[in-house]
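The sequence and the structure are shown first.

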Amino acid sequence: MSKHDPFQNVLKQLNEVNKIIDIPEDINTCFLSPQRFLEVSIPVKMDNGKVKVFTGYRSQYNDARGPYKGGIRFHPDVNRSEVKALSAWMTWKTAIVNIPLGGAKGGVIVDSKKLSDRELEHLSRGYIRAIYKLLGPSIDIPAPDVYTDPRIMGWMMDEFEKLEGAHAPGVITGKPLNIGGSKVREYATAQGAFYVLEEGVKKLGLGKNATVGIEGFGNAGSFIAKLLADEGYKITVVSDSKGKVINCNGLNIDRLIEYKNKNKTVVGFEDQNETGRCSYEDVDILIPAALEDSINENEAKKIKAKMIVELANGPITPEADKILFEKNILVVPDILANAGGVTVSYFEQVQNAYNYYWEEKEILDKLKKIMVKSFDEIWQKKKKYNTTLRMGAYVLAIERVSGAMKARGWV
Ligand code: NAD
């Protein structure tokens, strides 16, 4: 069920939170669906001269704490439930890191790898034309997600500005640097996860010689691999949609990144050595950085890691989560672990609003402060309620969002 219906996972998680803090009924009712959900059809004239119509969505879950905020995913498996779920998780995420934003998410059903550059640009611009009335720096601010990138954000911002007849760089984040993007944004998600991973390592007393496995080697996965490798962690297994590479002595990440850029996959990387126990089941720290539901009950039973850092959104099913808790594995939940991306997106917006841009060090210092503080606040909730870090995160997020809803007189 959960595999095809991520929003059911959101509702199950809310039920779990209810067992801990008893969310007032009126507030809970508001959390059962997004505040607004839009489905659009986007016609694109393809290179063969024929028009193809793509389906896109935008889910605006909750804006009690500020304008909606959330990425746009281009993927063949995008569906209503997934977009709704991701928009709820964005709401909790912005609340956890305590930035003044709400939660949204968008998606288009498309295998973008099969489109030419021209078709991709037309689709990206068409999506913005279809939803632009719901967007704006103080309404809803999209960003990149799976298979969307700064180039696409640049097209999207340009399309929005053409429709508005004015510059509005704060309408979208994750833009290229030369049109209002922020330094650090490119690797912010991974950097934020790195900071909380290090907090977890301290709590568990793990050393830098810990072994690490990373599932997914895209934007998020490859940057955290680099950060960890540079810090001396041993990354023994990495995978992407085509397969995996293993080296029990530690993969050479710089060379693997080069290889992936050239070959579009990690598969076939020559530096392999499988003597020893260093697969996903054996590593000390596991980092899912691909798509939802990649760790199910069966996998959870096999995992021996001491810590899992959810760089992807929703990679562990609720059933698997219970098993991992019983096995005393520390799970740093997605809504904290990957919140570095949205935090620097927020910094990008602030810089756009001031039309004044910060240096890399200033951004890293600000990001670290927020991530470490959020980890501590969630750790306190975990201790107070004798629960998981995930539930601690949900409790903190829901208290903050509920507080804003009450202050606005919605409930
Ligand atoms: P991406 O498209 O750059 O990379 C996705 C990676 O996952 C690719 O390497 C792909 O080959 C791999 N993959 C797909 N299916 C796989 C499978 N079955 N097994 C192993 N690998 C598989 O996307 P991304 O931006 O890195 O996002 C990855 C995850 O991180 C998503 O859940 C996304 O929502 C989350 N996330 C990303 C950001 C960000 O700023 N990039 C921010 C927050 C959350």
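Predicted model: local features only at pLDDT ≥ 70, side-chain atom pairs only at ≥ 80, totals over all residues.

Strand E2, which covers residues 51-62, pairs with E1 in the antiparallel sense, and ten bridges join the two. Besides the bridge already named, Lys-45 has Val-51 of E2 as its bridge partner. The hairpin of E1 and E2 has five residues between the strands, and within this hairpin Gly-49 adopts a positive phi near 90°. E2 also pairs with strand E4 (residues 103-109), again in the antiparallel sense, here over six bridges, and the bridge partner of Tyr-57 in E4 is Gly-107.

These pairings belong to an open sheet of five strands, whose order is E1-E2-E4-E3-E5 and whose pairing is mixed. Its edge strands are E1 (36-45) and E5 (140-144), each of which pairs on one side only. With direction ignored, neighbouring strands of this sheet are turned by 25° against each other on average.

**The six-stranded sheet**

A further open sheet, also with mixed pairing, is formed by six strands in the order E8-E7-E6-E9-E10-E11. Strand E8 (243-246) and strand E11 (330-332) each have a single partner strand, so one side of each is left without a neighbour in the sheet and the two stand at its edges. On average, neighbouring strands here are turned by 15° against each other, direction ignored. Strand E6 (residues 211-215) and strand E9 (residues 285-288) run parallel and are joined by four bridges; within this pairing, Glu-215 has Pro-288 of E9 as its bridge partner.

| Strand pair | Sense | Bridges |
|---|---|---|
| E1 and E2 | antiparallel | ten |
| E2 and E4 | antiparallel | six |
| E6 and E9 | parallel | four |

**The ligand and its shell**

The ligand is surrounded by 22 residues, of which the closest are Asp-145, Thr-189, Asn-219, Ala-220 and Asn-313. Domain 1 (32-171) and domain 2 (188-336) each supply at least three residues of the shell around the ligand.

A polar backbone atom of Asn-219 is 2.8 Å from a ligand oxygen, and a polar backbone atom of Ala-290 lies 2.9 Å from an oxygen atom of the ligand. In the case of Arg-73, by contrast, a polar side-chain atom is involved, at 3.0 Å from an oxygen atom of the ligand. Taken alone, the ligand exposes 830 Å², and 83% of that is buried by the protein. The elements that contribute two or more residues to the shell are helix H7 (219-230) and strand E7 (234-240); strand E7 also takes its place between E8 and E6 in the order of the six-stranded sheet.

Terms used
Residues numbered from 1 in each chain as written. Heavy atoms only, no water. Near = heavy atom within 4 Å. Polar contact = N/O pair within 3.5 Å; in protein donor to acceptor, adjacent residues only side chain to side chain. Areas by Shrake-Rupley, 256 points an atom, 1.4 Å probe, with all protein chains shown as cover. Domains from an automatic or database assignment. Pairing = 2+ DSSP bridges. Axes fitted to C-alpha atoms, helices over the stretch in contact; angles between N-to-C directions.
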